[in-house]
Every structure is written in structure tokens, then in C-alpha cells.
Amino acid sequence: MSRLEQDKDEIEASRAPLMDHLIELRGRLVICVVAFILGFILCFAFAEPLYIFLVKPFAAAAAFHTSVGPGGHVSPLDLILGTAGVKPLPVVDGQMVNLIYTAPLEILFTKMKLAGFGAIVVAFPVLAWQLYKFVAPGLYRNEKGAFLPFLLAAPLLFLLGAALVYFVMLPFVMWFSLSQQIAGGGVSAALLPKVSDYLDLVTALLLAFGLCFQLPVVMTLLGLAGIISSKVMAEGRRYAIVAVVVVAAVVTPPDPISQLMLAIPLVLLYEVSIWCVRLIELRRGKADEAEAAA
């Protein structure tokens, strides 16, 4: 009996009536909802320190901006190391990052939005595992083996994109914003972001980078499904670069630094995707040869 026939027999043996599938789906959805609610409660309880943690890149940019003065320059490496806590921030008397809110319940709603975003991140392992357990009976044995690594790779790539946002993107965006302040000629225009607007900026950048960094996962899955090949990806590299630049321009703030910070990693990830698909094709070819020889 061939491997394909064995896989078909396993899937046939795991068949269940529609009602059983619906009952299983309901149970797994309940687990996901409970995990999200628990994550929400946990994140809401620590919403204030979480928000302060998210403001630290702004604080680092403000400290360096104040130390060098208007029109001054700071080393990008110093800004990154200062945000990461590796390099001490400049000490400025009376320096404090000021954010404002203009609605009575804005702080409460901001904490709830932060808790909801954090709950998705905290509950993701449970959500992903429940998804895998629901679809696993309908997968072939080799597909099961391929699916699990992607459950690990997806959150790791998301965290990599989030780290790039926190330690690199946000400090530079806030430095750029602070450098646009106006003071002189009887005119003063100072940056005083709203707490909700700052959280919207952070979450938008985290989602944009985190999802864009899923490119190798998506392309590799397409390669596993036989929808795309490494040859097609290599030949379409120039079009992919144009698409990456367009995406970076749409999802990042309107400044060239932010767009380059997203576009360059995406181009590198696209090259990694080509090699991943190529490795899959080589393994598939060897497996086919071994099965033909048997």
C-alpha cells in the first residue's frame, strides 16, 4: 500500500457526522473565547504598566531630542541602544513625556483597546492549537508534519516584526515628529499626542510589521500546496519589490525612513521565501523518486 493510500485510509477512518464536527467546533470556539477573556482580564489589570512600556520609545526619542536641542542630530545606533536600555538615556532636568486626553473616558477606552490587543497576543498559542486540532483530522500525514512548524514560525516572525517596530521604528518616527516642532517668531507648535492616538499608531505599526513578516510563512504554504514555484518567484522578483514598496508606503507613516525600514526587511524575507520554496521542491522531488523506486 502506497503512502498516499495509507493517508487516505487514515482520513477516512477519522470521518465523523456533520453534527459531531459542529459540536467539536463549538467546544473549540468556547475554549478560544475563554482564553481571550482571561487574556483580556490579565492585560487590563496591567494596562497602565503596559502602556508605559509602549511609551518608552517616545521617551527615548524625547530625551535625545531635548539633549541635542532643536536642529540637532543623534546617532541612529544611540537611539536604538537607548530604547533597548543598553545605553543610558541623556539626563535632562524636568524632562517628562506628556500625552493628553480630551474625553472623560478616553483613558478607560484606551486601556480596553490595549487589553483587547494584548489578549489576542497572549491567547494566540491557544487559538492556534485549537485551530490545528480542528483541521488536523483532515490533513495527510506529511501535511500534519508541515503544519506544526508554521504554528511556531508565525508567532516568532510576528515577534520579530514587533521588535523592529519597538526598538527601531517607533524611536525614529517619534524623533522625526519631534523634529517637526516649531518654536520661534512668537509661534510655538509642540507635539502633545493623545493617549488614544499614540496607541493607535503603535498597534497599527505592530500589526503592519507583524503581518508583513508572515511573508515567508504564506509563500512557503503556497509552495507546499503547489500553487507557486521558486522559479516563478525568482522571475517575478522585480514585481514583488514594487509591490513591497507600495505596501510599505500604505501601511507606514508618510516618511521615507519608516517606509525603508519596512521595505528592506520585506525584500530580504521575500528572498528567504524563495529559498524555502526551493527546499520544499527539492524534498518533494526526493520523496517522489524514493516512492517511484519502491
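Where is Val121 found? I located Val121 in helix H5. The model is predicted, so I noted its limits: local features need pLDDT of at least 70, side-chain atom pairs count only at pLDDT 80 or more, and totals for chains, interfaces and linings use all residues. Residues are numbered from 1 along each chain as its sequence is written, and side-chain values use heavy atoms, with hydrogens and water left out.

**Entry: overall make-up**

I counted the elements. The protein has 11 helices and two strands. Helices here are DSSP runs of H or I with at least four residues, strands are runs of E with at least two, and numbering starts from the N terminus. I read the order along the sequence as α-α-α-α-α-α-β-β-α-α-α-α-α.

I looked up burial next. Of the 294 residues, 34% are buried. Buried means under 20% relative accessible area, exposed over 50%, and partly exposed in between, with a 1.4 Å probe and protein chains only.

I then checked contacts, meaning heavy atoms within 4.5 Å. Taking contacts between residues at least 6 apart in sequence, 83% join residues at least 24 apart.

**Entry: H3 against H4**

I took helix H3 (residues 47-68) and helix H4 (residues 76-84). Their packing angle is about 135 degrees and their axes are 9 Å apart. Axes are lines fitted to C-alpha atoms, for helices over the stretch in contact, and angles run from 0 to 180 degrees between N-to-C directions. The angle makes H3 oblique to H4. The classes are roughly parallel under 35 degrees, roughly antiparallel over 145, roughly perpendicular from 65 to 115, and oblique for the rest.

The crossing of H3 and H4 is right-handed. Right-handed means that the near helix is turned clockwise from the far one by less than a right angle, left-handed anticlockwise. H3 brings Pro57, Ala60, Ala61 and Phe64 to the contact, and H4 brings Asp78, Leu79, Gly82 and Thr83. I sorted these residues into five nonpolar, two polar and one charged. Nonpolar covers Ala, Val, Leu, Ile, Met, Phe, Trp, Tyr, Cys and Pro; charged covers Asp, Glu, Lys and Arg; the others, Gly among them, are polar.

**Entry: H5 against H7**

Which angle do H5 and H7 make? I found about 15 degrees between helix H5 (residues 106-135) and helix H7 (residues 195-212), with axes 9 Å apart. H5 is therefore roughly parallel to H7. The crossing of H5 and H7 is left-handed. From H5, Glu106, Ile107, Thr110, Lys113, Leu114 and Phe117 meet Val195, Ser196, Leu199, Asp200, Thr203, Leu206 and Leu207 of H7. I sorted this contact into seven nonpolar, three polar and three charged residues.

I went back to Val121. Val121 is partly exposed, at 41% relative accessible area. Val121 and Leu159 lie 38 residues apart in sequence and 9.8 Å apart in space, C-alpha to C-alpha.

Ala136 sits in the loop between H5 and helix H6 (141-179). Ala136 counts as buried because its relative accessible area is 10%.

Is Ser273 buried or exposed? Ser273 is buried, at 0% relative accessibility. I placed Ser273 in helix H11 (residues 256-293). Leaving aside neighbours within four places in sequence, Ser273 contacts Leu215, Pro216, Met219 and Met233.

I checked helix H8 (residues 215-224) too. Its buried residues are Leu215, Pro216, Val217, Met219, Thr220 and Gly223. Just after H8, Gly226 has a positive phi of about 75 degrees.
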